[in-house]
Amino acid sequence: MTLPLDFVIPDGWTAVDPGDSGAVFVAVHDAPPGEFVPNITVSVQQRPDGATIDDIAAEAVERLSRTLAGIDVLNRRDVGEPAAPGVMQLLRLRTGEGTELIQTQVHLTVPGAVPADRLVLELACTAAPAAARRLAPGFQRFVGSVHVRQHEGKAQ
């Protein structure tokens, strides 16, 4: 899926090949050897169904719960506007090896010309707890910079 997205990568982050992660964009931040490498991912889903943005955020938690030893939703709040609703959720993740991570997810609606064309962006930042606190302002700036280019190649 090609989606003309623009965003600003925060200082200290490096874009890497998303490989077969399912993401359309991945960036990593330096970490000391042996520590979890913080990452930002951007994923896009076409959602022609009637699922609400809250349903979609809950689906993301369910999807993660299948691969982790534990997951807790620490906070969830609405963001965006009624025409393009979004949800931010803060998650505590526990891997099978006992590593604790913090993931901030932001799910944003990109309305289509018709409801069947609706897209949902999932922006996520995953890091160890201390790194997550330190990197949160950069991720917030990243989220604030994301926008879809409209009418590419056409005069407006």
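Predicted model: local features only at pLDDT ≥ 70, side-chain atom pairs only at ≥ 80, totals over all residues.
Reader: Nice. How many salt bridges turn up in the whole structure?
Author: A search of the whole structure gives seven. Among the residues involved, R47, D49, E59 and R118 are linked in a network of salt bridges.

Reader: What about R63, which residue does it form a salt bridge with?
Author: R63 forms a salt bridge with E122, and the closest N and O atoms are 3.0 Å apart. R63 belongs to helix α1 and E122 to strand β8, so this pair ties together parts 59 residues apart in sequence.

Reader: For that pair, what are the accessibilities?
Author: R63 is partly exposed, with a relative accessible area of 37%. E122, by contrast, counts as buried at 10% relative accessibility.

Reader: Which residue stands opposite E122?
Author: That's H107. The strands there are β7 (residues 100-110) and β8, which pair in the antiparallel sense over nine bridges.

Reader: OK, zooming out: what is the strand order in the sheet?
Author: It is an open sheet of seven strands with antiparallel pairing, in the order β2-β3-β4-β8-β7-β6-β5. At the edges stand β2 (13-16) and β5 (70-81); each has a single partner strand, so one side of each is left without a neighbour in the sheet. From one strand to the next, the twist averages 20°.

Reader: How does β4 pair on either side?
Author: With β3, the pairing is antiparallel over four bridges, and V26 stands opposite T41 in β4. With β8, the pairing is antiparallel over eight bridges, and Q45 stands opposite V120 in β8.

Reader: Where do the helices lie relative to the sheet?
Author: Helix α1 (residues 53-65) lies across β4 (39-46), β5, β6 (84-94), β7 and β8, and runs at about 20° to β6. Helix α2 (residues 129-145) lies across β2, β3 (25-29), β4, β7 and β8, and runs at about 150° to β8.

Reader: Changing topic, how many aromatic pairs are there?
Author: A search of the whole structure finds four. In one of them, the rings of F7 and F142 have centres 5.2 Å apart and planes at 65°, so the pair is edge-to-face. F7 is in the loop between β1 (5-6) and β2, while F142 is in helix α2, so this pair links distant parts of the chain, 135 residues apart.

Reader: Which phenylalanines do the ring pairs link into a cluster?
Author: F7, F25, F139 and F142. Of these, F142 counts as buried at 1% relative accessibility, whereas F7 counts as partly exposed at 25%.

Reader: Last one: T126. Where is it, and is it buried or exposed?
Author: T126 lies in strand β8 (residues 119-127). T126 is buried, with a relative accessible area of 6%.

Reader: What does its side chain make a polar contact with?
Author: With the side chain of Q103, at 2.7 Å. Leaving aside neighbours within four places in sequence, T126 is in contact with F36, V37, P38, N39, L93, L101, I102 and Q103.

Methods. Residues numbered from 1 in each chain as written. Heavy atoms only, no water. Helix = DSSP H or I, 4+ residues; strand = E, 2+ residues; numbered from the N terminus. Buried < 20%, exposed > 50% of the residue type's maximum accessible area, 1.4 Å probe, protein only. Polar contact = N/O pair within 3.5 Å; in protein donor to acceptor, adjacent residues only side chain to side chain. Contact = heavy atoms within 4.5 Å. Pairing = 2+ DSSP bridges. Axes fitted to C-alpha atoms, helices over the stretch in contact; angles between N-to-C directions. Salt bridge = Lys/Arg side-chain N within 4 Å of Asp/Glu carboxyl O. Phe/Tyr/Trp six-rings, centres within 6.5 Å; stacked < 30°, edge-to-face > 60°.
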